[in-house]
Amino acid sequence: MENSPLFKCGHTACAGCGQAVAARLVIESAGANTIIANSTGCLEVFTTKYPETAWGVPWIHSLFENSAAVASGIEAALIYLGKKDTINVIAQGGDGSTGDIGLQAISGMLERGHDILYACYDNEAYMNTGVQRSGLTPFDTNTTTSPAGALSSGNLRPKKPVPEICAAHGIPYVATASAGFPQDLIRKVKKAISIKGPKYIQIHVPCPLGWRHESNQMLPVARMAVETGLYPLFEYEFGVLSGRKQIVPKPVEEYLKLQGRFKHLLNNPGEIKKIQEIADNNIKKYGLKLEAQG
Amino acid sequence: MKEFIEGSHAIAEVVKSCKPGVISAYPITPQTHIVEDLAQMVSSGELKSQFVNVESEHSAASVVLGGSACGVRVYTATSSQGLFLMQEVVFNIAGMRLPVVMTCANRAISSPINIWNDQQDSISLRDAGWIQIYAEDNQEAVDFHLIAYRLAEDKRVMLPVMVCMDGFILTHGMETVDIPEQEKVNKFLPAYKPLYKLDTADPISMGLLADPDYYMETRFALQETMRESIVYLSEISKEFNNVFGRDYKDLLVEEYQLKDAEKVIVAMGSVCGTIKEVVDEQRAKGKKVGLLRIISYRPFPYARVYEALKDVPKVAVLDKSVSLGAYAPIAVEVKSTFFGKKKGPKVVSSFVAGLGGRDITPETIYEVFRRLSAKEVNFDFVDLKPELLKEEYGE
Amino acid sequence: MFGPLTVKPKNSKGDKTGSWRTLLRPHYLHKNCIACKMCLMICPEGCVSGKEKNAFSVDYTFCKGCGLCADICPKKDIEMVSEEPNSEGVS
């Protein structure tokens, strides 16, 4: 896994980019016999500015919302050529390209049952275009199109439950993962790749620029999201919850105070209470609380 | 083998003989029969292909893009709104130089919604970088698909090709068509050998970001290939004639009774069948009229049109589409052909007819010849219904 | 003549992103390393290499100085040191 020929140095991601960590681990876990269809976004831009490419595997970028459909075409071509059994197909993109503009294409891909892994790098906004709000932006987040101000505490809508939407399609495997837990991410990617059929993995990836934290803070930020219950790590198989990472829940303020995008909430106990409710609901729904061993 | 067959079925037969590995389309009238037939052929085992039922045209085009990027021959078909929904993918495919072949069953554009024939759909995508050829009848529609694959996959071209056929008129019209035999197809159309493809044995990145230092040359390259394709169309037409015995000359235009013609209509597509009948009738009466049929709309054959019409005093261009806010699309090309040249028609009049499937009858053509006079008509509609044209909304 | 924009990885050398470092660079102490490979795993650039204990190193041509390797090392065997010349670890 070293000096990866599959995801080469020299790309232009921001220092400390969570998405770069996750994308590298995904392709290294999938291996050299993989073809990637990538959506427009940070990952595409920082890895493939002509004449450079960071990708050591066959890789294609078409448009913003169609990587799932392009991947479907690649998978169909590989089946036609009799090669699908030895080659993995990955479609990947950010939260905007996945849960908003690309939701239709993913739903179609899942419904048709293509043997494709879809990896969503969730940095919770349209980062490449300048930190605009997406359907997966969490409640009360300050973004450029959901700015906090006198009349608003930021993004006033809850996070779109894309993993559950995918799980509702009844596909073999859905998981959430985090760049803060790289070994868990590797395990999940390897598991997904070993399953035949459509798979969806949504990876929480901190963005130092958009979330307003220092470059070296990726790990504490990512881990705290999980440890507060705000970003539950779980697995669904065929629509049924089959695994989750249990936590000793920390108060949500521990997470919010690490990032400038939540700065406006720190003097607002009313809003913090609402966010705590979201975390508490997750903890309850997924059974996240680590019970004390008797 | 000759069959009396619906246009759509004929297209499905010829596409089958081209053996595409990935087919993906979304249903839209009047393309549906083509795709239904192909699905039947895959299901029965006649055609070994991956048939992908997608959830929109945007995805249909994306699926064939992905398949073509893997070095596999692909096929899709659409019309009107479907073509518009896949527009950005259409441009994307041309920019990525992938030899996709698409049937466009020409249909009017919403709004208002109208499922009948005109050419607004494909004409609106003229800037996309796809080669566009227009069929007059179902034999051409069939033959042009073979030519399309041969042209698209030519190493000197590597551009997608749109075969345009008038919706309902051709797709649902019954004609006697010679369906090309598989052996002859195999002879004319070799297996697709891609110049670049997604292959784990030799990884490549496709669809990179090109900043201002790199973008413009890719457009130049596309434009050059379009220009060169004018010659390749003639070459391929000769090859086609050698194998199938049907001569499409240069595949750019068809000259019909142009010798000593004083009045010529320029048109494209199935309407030319009606125009030819009127021309024959008028010639029998001693009237010197003719038709110049455009076959290749992109690349537009300016030099060829110049040769054909330079000695014709009066030309009427009959567009089955409209460019709202400007002169009609084909009329503009014809006028551009002659601007600044020493020879050319004294009058180029522009008429728009047949929109939304309004029937173009011999009477329409007489009207056009009649209005083609010394007084140039910059732009006008033909066959409007005055009783429908009210002064105020709600009257 | 035509030109789809494609690139093969073997022909791409990448940007020398090591030039982005202005303040800090990672210095591997090579004292308490247990070869857990977490530094190698967490590097966003993938410029950490190594196999044996106390034998991991960074390719400074590409290292952006983000500090994730120093943060993740369970043995605190990586320090972020000044990028100034004559500092430890800077050749």
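Chain A has 11 helices and 10 strands. Keep in mind that this is a predicted model.

Let's start with the overall form of that chain. Along its principal axes, the C-alpha atoms of chain A fill a box of roughly 60 × 50 × 35 Å. The radius of gyration is 18 Å for chain A. A compact globule with 294 residues would come out near 19 Å, so the two agree.

Now the inside. Of the 294 residues in chain A, 59% count as buried. And the contacts? Take those in chain A with a separation of 6 or more: 68% of them join residues 24 or more positions apart.

On to the partner chain. How many residues of chain A are in contact with chain B? The count is 37, and they meet 37 residues of chain B. Four elements of chain A each supply at least two residues to that side: strand 1 (34-38), strand 2 (59-61), helix 3 (67-80) and helix 5 (103-112). Which one gives the largest share? Helix 3 of chain A does, with 11 residues.

One more detail, and here the strands cross between chains. Strand 2 of chain A pairs with strand 9 of chain B, residues 205-206. The sense is parallel, over 2 bridges. To find the spot on screen, go to A:Ile60. Opposite A:Ile60 stands B:Met206, in strand 9 of chain B. Recall that strand 2 of chain A is also among the elements supplying at least two residues to the side that touches chain B.

Note on methods. Residues are numbered from 1 along each chain as its sequence is written. Chains are lettered from A and ligands numbered from 1 in the order in which they are written. This is a predicted model: local features need pLDDT of at least 70, side-chain atom pairs count only at pLDDT 80 or more; totals for chains, interfaces and linings use all residues. Two residues are in contact if their C-beta atoms, placed from the backbone, lie within 7 Å. Two strands pair if DSSP finds at least two bridges between them. The radius of gyration is taken over C-alpha atoms; the globule rule is 2.2 Å times the number of residues to the power 0.38. A residue is buried if 20 or more other C-beta atoms lie within 10 Å of its own, exposed if 12 or fewer, and partly exposed in between; C-beta atoms are placed from the backbone.
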